[in-house]
Amino acid sequence: TATLDRKIQIAWDLYQIGVKSPEAKRALLRDIKTKNEVLRVQVQFTLGRVSDDPDVVEVLLDGMRNGETYLFRDKAACALASDQIHLKPAQKIRLFEGLIDSLEHDSAEVRGFARLALQIQTGKTFDFIPTAPPLARRLAVARWRSWLSEYKTQY
């Protein structure tokens with residue numbers, strides 16, 4: 001429909017502009033659970049390009065962990081990895097906490113999304129392998145938590 005096409009175009013335009021806007025964030029959040037794949041993915045990508053509010057990170061973490069389809073989960077992770085352009089280093093603490101927590105998710109798929117997002121954000125992996133045995137995963141997560149503790153002391 002024309003309205004749907006217009007929403008998609010507006011979300012794309014906001015993505016391209018990349019300027020913080022509380023009004024744009026509020027409008028985009030209205031469509032964060034839409035069933036339309038094109039609009040929902042565009043909304044996920046655009047949110048971090050219009051806002052540095054912590055609730056955007058929370059919404060995307062939830063989408064990565066609980067999105068109804070692989071596409072929605074994957075693209076929420078991509079948005080966390082690459083589109084949080086307004087987050088200052090101290091604001092990234094919550095992003096990193098959420099991603100590190102997701103390394104302990106029941107789903108290997110979610111663990112893999114979190115690992116990749118962390119690698120893109122930090123350049124590090126700490127040898128975390130999403131399908132490794134539980135003990136190996138726990139040891140790698142402990143390395144991530146140690147890194148995060150050190151990161152927090154800098155901000």
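Two residues are said to be in contact when heavy atoms of theirs lie within 4.5 Å. The structure is a predicted model, in which local features need pLDDT of at least 70, side-chain atom pairs count only at pLDDT 80 or more, and totals for chains, interfaces and linings use all residues. Residues are numbered from 1 along each chain as its sequence is written, and side-chain values use heavy atoms, with hydrogens and water left out.

Thr 122 belongs to helix 7, residues 108-122; helices are DSSP runs (H or I, at least four residues) numbered from the N terminus. Leaving aside neighbours within four places in sequence, Thr 122 is in contact with Phe 96, Trp 144 and Trp 147. The side chain of Thr 122 also reaches the backbone oxygen of Leu 118 at 2.7 Å. A polar atom of that side chain lies 3.1 Å from the backbone nitrogen of Lys 124.

At the start of helix 7, a side-chain oxygen of Ser 107 comes to within 3.1 Å of the backbone nitrogen of Glu 109. After the helix comes Gly 123, with a positive phi near 80 degrees.

Several residues of helix 7 are buried (under 20% relative accessible area, with a 1.4 Å probe and protein chains only): Val 110, Arg 111, Phe 113, Ala 114, Ala 117, Leu 118, Gln 121 and Thr 122. They lie on the same side of helix 7 because they cover an arc of only 160 degrees around the axis, the arc being that of the directions from the helix axis to the C-beta atoms. An α-helix has 3.6 residues a turn, so residues three or four places apart point the same way. The buried residues of helix 7 pack against helix 4 (54-66), helix 5 (70-82), helix 6 (92-102) and helix 8 (134-154).

Notes
Helices (H or I, at least four residues) and strands (E, at least two) are DSSP runs, numbered from the N terminus. A polar contact is a pair of N or O atoms within 3.5 Å; within protein, one must be able to donate a hydrogen and the other to accept it, and residues adjacent in sequence count only if both atoms are side-chain atoms. Buried means under 20% relative accessible area, exposed over 50%, partly exposed in between (1.4 Å probe, protein chains only).
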